Amino acid sequence: MKIKCIIIDDEPLAITVIENHLKNFDHIEIVETFNNPLNAYRVLEQEKIDLIFLDINMPKMTGFTFIENLSYKPLIVITTAYREYAVKSYELNILDYLVKPIPFNRFLKTINKVYQQVYISNAKSDVTLKQEPHIFLKVNKKLIKINLNDILFIESLKDYIKVITTLGDYVVHKSLTAITEELPQSNFIRIHRSYTISVNKVVALEGNTVEISNRKIPIGRNYVKQTKERIFNINDDKEK
């Protein structure tokens with residue numbers, strides 16, 4: 001199943017940038033692009049669109065007006081050269097806010113958010129994608145798809161992180177804070193300034209350490225209470 005999207009922007013160059021970024025993701029299909037937002041309503045009436053990349057400042061209709069007149073609301077990512085519209089945008093429950101020029105690393109974070117939302121939506125409607133929930137990480141200039149269920153824990157290495165999975169380890173130029181924000185909070189928790197773990201992969205808890213795949217990982221002093229609560233709650237849920 002592909003995620004269907006449209007791009008709406010009165011600047012052709014801005015559309016081209018997004019198109020080029022999306023070429024890296026096989027599971028997102030660009031249905032059509034529009035310079036005039038009014039023309040986009042036609043496609044939205046004819047087929048189910050999952051995602052819209054939407055500019056704000058356009059001559060015939062602003063992005064805000066466009067959102068307010070939607071008959072149904074796909075996931076919406078604002079793409080604009082202006083930072084000052086961010087608060088109003090999030091009041092309209094958009095998924096993300098990208099400031100032009102849009103660097104690929106920032107765009108990748110948005111796509112990971114899109115994937116997470118699509119999986120959550122499909123789970124609620126009891127419809128599943130053919131693939132497991134996953135994220136993309138840039139490793140040695142290559143985008144690597146990593147299934148969330150394969151992640152054991154993530155370790156901070158100053159300006160890099162090491163993602164330890166059941167299939168191998170990956171070193172990525174990203175902060176631990178950034179990757180933790182991209183992962184679903186239902187499955188992952190930060191337990192130390194240097195570690196984020198998959199709660200479901202914890203096999204033992206001893207003092208202020210957790211054990212995952214024969215590796216003991218320290219729990220930071222400021223994270224002890226929330227970590228133990230999460231682990232015990234998970235165990236309680238499994239017993240029920």
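Mentor: Two strands count as paired if DSSP finds at least two bridges between them. Please also keep in mind that this is a predicted model.

Trainee: Understood. Which strands form a hairpin, then, and how many residues lie between them?
Mentor: Strands E14 and E15 form the hairpin, with 2 residues between them. In the turn, Ser 213 has a positive phi of about 50 degrees. E14 covers residues 209-212 and E15 covers residues 215-218; the two run antiparallel and are joined by 4 bridges. As one example of the pairing, Val 210 has Ile 217 as its bridge partner in E15.

Trainee: Which other residues have a positive phi without being glycine?
Mentor: Lys 141 is one of them, with phi near 70 degrees. Another is Lys 158, with phi near 60 degrees. Lys 141 sits in the loop between strand E6 (134-139) and strand E7 (142-147), and Lys 158 sits in the loop between strand E8 (151-157) and strand E9 (160-165).

Trainee: Are those two lysines buried or exposed?
Mentor: Lys 141 is exposed, with a relative accessible area of 81%. Lys 158 is exposed as well, at 79%. The cut-off for calling a residue exposed is over 50%.

Trainee: And Lys 201, buried or exposed?
Mentor: Lys 201 is buried, because its relative accessible area is 18% and the term applies under 20%. Lys 201 lies in the loop between strand E12 (195-198) and strand E13 (204-206).

Trainee: What does Lys 201 touch?
Mentor: Not counting residues up to four places away in sequence, Lys 201 touches Asn 149, Ile 151, Leu 152, Glu 211 and Ile 212. Lys 201 and Ile 212 are 11 residues apart in sequence, and their C-alpha atoms are 6.0 Å apart in space.

Trainee: Let me change topic. Which domains does UniProt list?
Mentor: The unreviewed UniProt entry gives "domain: Response regulatory" for residues 4-115.

Trainee: What is the order of the strands in the parallel sheet?
Mentor: The open sheet has 5 strands in the order E2-E1-E3-E4-E5. Strand E2 (28-34) and strand E5 (96-99) are at the edges; each has a single partner strand, so one side of each is left without a neighbour in the sheet. From one strand to the next, the twist averages 20 degrees.

Trainee: How many bridges join E3 to E4?
Mentor: There are 4 bridges between E3 and strand E4 (residues 75-80), and these strands run parallel. Phe 53, for instance, has Val 77 as its bridge partner in E4.

Trainee: Which helices pack on that sheet?
Mentor: Helix H1 (residues 12-22) is one, touching strand E1 (3-8), E2, E3 and E4, and its direction makes about 170 degrees with that of E2. Helix H2 (residues 37-46) is another, touching E1, E2 and E3, at about 135 degrees to the direction of E2.

Trainee: Which residues of H1 are buried?
Mentor: They are Ala 14, Ile 15, Ile 18, His 21 and Leu 22. Viewed down the helix axis, the buried residues of H1 fall within an arc of 125 degrees, so they line one face of the helix. The face turned away from that buried side carries the exposed residues Pro 12 and Leu 13.

Trainee: Which feature does UniProt place at Asp 55?
Mentor: The unreviewed entry places "modified residue: 4-aspartylphosphate" there. Asp 55 is in the loop between strand E3 (51-54) and helix H3 (63-68), and it counts as buried at 4% relative accessibility.

Trainee: What is Asp 55 in contact with?
Mentor: Leaving aside neighbours within four places in sequence, Asp 55 contacts Ile 8, Asp 9, Asp 10, Gly 63, Thr 79, Thr 80 and Lys 100. Lys 100 is itself joined to Pro 101 by a cis peptide bond, with omega about -5 degrees.

How values were computed
Residues are numbered from 1 along each chain as its sequence is written. This is a predicted model: local features need pLDDT of at least 70, side-chain atom pairs count only at pLDDT 80 or more; totals for chains, interfaces and linings use all residues. Side-chain values use heavy atoms; hydrogens and water are left out. UniProt positions are given in the numbering used here, feature names are shortened, and annotations may be inferred rather than shown by experiment. Buried means under 20% relative accessible area, exposed over 50%, partly exposed in between (1.4 Å probe, protein chains only). Contact means heavy atoms within 4.5 Å. Axes are lines fitted to C-alpha atoms, for helices over the stretch in contact, and angles run from 0 to 180 degrees between N-to-C directions. The arc is that of the directions from the helix axis to the C-beta atoms.
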